Amino acid sequence: MKILFTVGGSQAAVFGVAPLAAAARNAGHEILLAADEPLMDAARSVALPAVCITPERMRYGQDALTATDRIDALLEVTRQWTPDLVVGGLSHVPRLLAARLKIPFVRHIWYIAPMARRDRTAVAELQPQLERLGLSELPEPDLFVDLCPPALRPPVAPAAQSMRWVPRVSQRRLEPWMYTRPEGRRRVLITAGTRNLMLDTPGSSLRRMVDTLTEAGAEVLIAALPEAAERHRAELGAVRIGWIPLDVVAPTCDLAVHHGGATTAMTLIHAGVPQLIHPDNGYGRAVAEAVSGYGAAVLVDGHRPGPGQDPHEQTAAACRDLLDNPSYARRARTLAAHSAELPTPDDVLRRIEALAAR
């Protein structure tokens, strides 16, 4: 079977789909990942065969691809490489592609935030393409695969095939400190994901956060892009900052402070790590509300501090609470255990194979 995987957005989308794509490839299927130019490096870093769908005229410009651009680019790919099934994520373009090719479509996402409004907007943008196909609305996916643990799914989420989260990040040579816990000290990881230079904590500063944690006796690690690491290394002193493999380091941590990204949050859930989440957008806030609602995290929104509250003191108090109150670690471990019981990518692949065999 030939399976076309499609992703857009950030590197997180590539890392999220990589386990299922790898399972398909290991089972003997042909796979191809179609993505924009900025995601080619991420695909290579997790060993996925990928084709760039960004038109040559746009690869070095600022123009964004429209839905029509994406459909045309994907159709061009399928003229030369004809898939038997399409796997897509948040975008509805792959679903339309599958309808046009008359092959099964699998939607593969992390459904933790209600998406009805977003979906309505996306369908409106695709209306001209739907009319070309003689469709009044997008057909339902043949299978919906959700990476979100059932305990965190919103009540409005559609029925789905759950799948276990398997961490994937860009790989490089490891150092022993990455996979070993510091003796006699707790370890705290700070990260803003792959799209932000540094964690945004309004009214506070990274230096003050680091001081708070080190004064509490913790070792602090900061995952940061190269330009951010270069800028902040001198200011932060004896703190490891730079590339940090989240999948390897997470199991050694007692706490993680982050922005609410899906890949970050799920990798920490997988490792059973309590989280302090500073959401940087509405999606990050939905993530923070779900994980904190389960009791495995604390939400601190510096953009919306309470009356008379100092954002830094709010963050410092949350850090102390997460490190000193064992209930967060217990809930995080419970959530990890439930997640580990979900079907593996290999299990889900068998359902996908059955779709194509119909």
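Predicted model: local features only at pLDDT ≥ 70, side-chain atom pairs only at ≥ 80, totals over all residues.
Let's start with strand β5, which covers residues 105–109. Five of its five residues are buried. Which way do they point? Phe105, Arg107 and Ile109 go one way, while Val106 and His108 go the other.

Now for the neighbours of β5. Strand β4, residues 85–88, runs parallel to β5 and is joined to it by three bridges. If you want a pair to find on screen, valine 87 has valine 106 in β5 as its bridge partner. To get from β4 to β5, the chain passes through helix α4, residues 93–101, in a right-handed β-α-β crossover. β5 also pairs with strand β6, residues 143–146, again in the parallel sense, over four bridges. There, arginine 107 sits opposite phenylalanine 144 of β6.

Let's move on to helix α12, residues 282–294. This helix has 13 residues and spans 19 Å from first C-alpha to last, close to the expected 18 Å. How does α12 begin? Asparagine 281 caps the N-terminal end, with a side-chain oxygen 3.1 Å from the backbone nitrogen of tyrosine 283. After the helix comes glycine 295, with a positive phi near 95°.

Which residues of α12 are buried? They are Gly284, Ala286, Val287, Ala288, Ala290, Val291 and Tyr294. Their cover includes helices α11 and α14, along with strands β12 and β13.

Methods: Residues numbered from 1 in each chain as written. Heavy atoms only, no water. Helix = DSSP H or I, 4+ residues; strand = E, 2+ residues; numbered from the N terminus. Expected span 1.5 Å × (residues − 1). Buried < 20%, exposed > 50% of the residue type's maximum accessible area, 1.4 Å probe, protein only. Contact = heavy atoms within 4.5 Å. Polar contact = N/O pair within 3.5 Å; in protein donor to acceptor, adjacent residues only side chain to side chain. Pairing = 2+ DSSP bridges. Right-handed = clockwise from strand over helix to strand, strands pointing away.
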